[in-house]
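Okay, thanks for coming, everyone. Let me put the structure up and walk you through a few spots.

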Amino acid sequence: MLQDMTDAPKPSPLAAPDPWNLVADDYTMELLPMFELFSKDALALAPTHAGAKVLDVACGPGTLTLLAAEAGRSVSSIDFSPQMVKNLKRRLNGAQQGADVREGDGQALPWGNDEFDAAFSMFGLMFFPDRAKGFSELYRVLKPGGAAVVSSWAPFEGVFVSIMQAMREVLPDIPFGSGKGPLGDPDELTEELRAAGFADVSVKTITHRLPGDTPAEFWAQTQRTTAPVVLLKNRLGEDEWKRVTQGVVGRLESQYGTAPVEIQTTAYLGFGRKS
Ligand SMILES: C[S@@+](CC[C@H](N)C(=O)[O-])C[C@H]1O[C@@H](n2cnc3c(N)ncnc32)[C@H](O)[C@@H]1O
């Protein structure tokens, strides 16, 4: 989750596949339930008919791909992380087997003009170094009248904010920002969709709550699933990381105790239609 709030110096470490490869397996095992909720919202926002051609850009382990394929859509998907693509292919079964899954860059889509009825990029395009290219590629491959949904995170809430604060206490020079992340503002999302040529642009703000784990387990999960935290852990080494963990868990437990904490996440879903 915290991958979404970096404002590290350019180029962002998340603009390359390596950090995503590092977290791909744990992301697939642990984060899918929450990401699936937002993919379901996106599919409802841009409804398509059975057999429609749907594109999932920066598909990760196929969060939206599998839901759309299961619902009878003809899905194409792309992600630049080989490990994410491997996880997606492993998860495909039955009706989903027909999905056209590719490894590649979402800023240069390997499909022709006017091919898709709907195109989605869930928490992926927001990380592209050239977001304008990401939006214009979505626009290019949509059929006239086709719809796009692009999502990003609202500023963090609850335990995510506490983790950032706790990390900053232990590591004052931490290279993560707080507050707004990339595309983390409805006006920015609206402007970038319009700049790419989309009409009927709107942004929906959606919050989901899920039962969470204890603060100690939540921090352990963050270390397995969150790309910039994994990068930082690798950079600092084992001893220094033990110190960070003690500080973060201590701070979280003093705030929340040791019982499970509810997770609340809010996303912006930007909608646009190709005219
Ligand atoms: C937070 S994950 C989201 C995955 C999935 N869409 C979901 O909702 O669960 C971000 C994904 O974007 C992918 N990604 C980031 N930049 C990319 C790029 N330029 N081209 C293709 N994939 C990219 C990463 O590899 C990662 O799988």
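So, which helix is the place of Pro 228? Pro 228 sits in α9, residues 227–236; helices here are DSSP runs (H or I, at least four residues), strands likewise (E, at least two), numbered from the N terminus. Before I go on: this is a predicted model, where local features need pLDDT of at least 70, side-chain atom pairs count only at pLDDT 80 or more, and totals for chains, interfaces and linings use all residues. Residues are numbered from 1 along each chain as its sequence is written, and side-chain values use heavy atoms, with hydrogens and water left out.

Back to Pro 228: with a relative accessible area of 4%, this residue is buried (buried is under 20%, exposed over 50%, partly exposed in between, with a 1.4 Å probe and protein chains only).

Next, helix α4, residues 82–91. Which of its residues are buried? Met 84, Val 85, Asn 87, Leu 88 and Arg 91. They lie on the same side of α4, because they cover an arc of only 160° around the axis, taking directions from the helix axis to the C-beta atoms. In general, an α-helix has 3.6 residues a turn, so residues three or four places apart point the same way. Over on the other side of α4, Lys 86 and Arg 90 are exposed. And what covers the buried residues of α4? The cover includes α1 (17–30), α2 (32–45), α3 (63–70), β2 (74–79) and β3 (100–103), with contact meaning heavy atoms within 4.5 Å.
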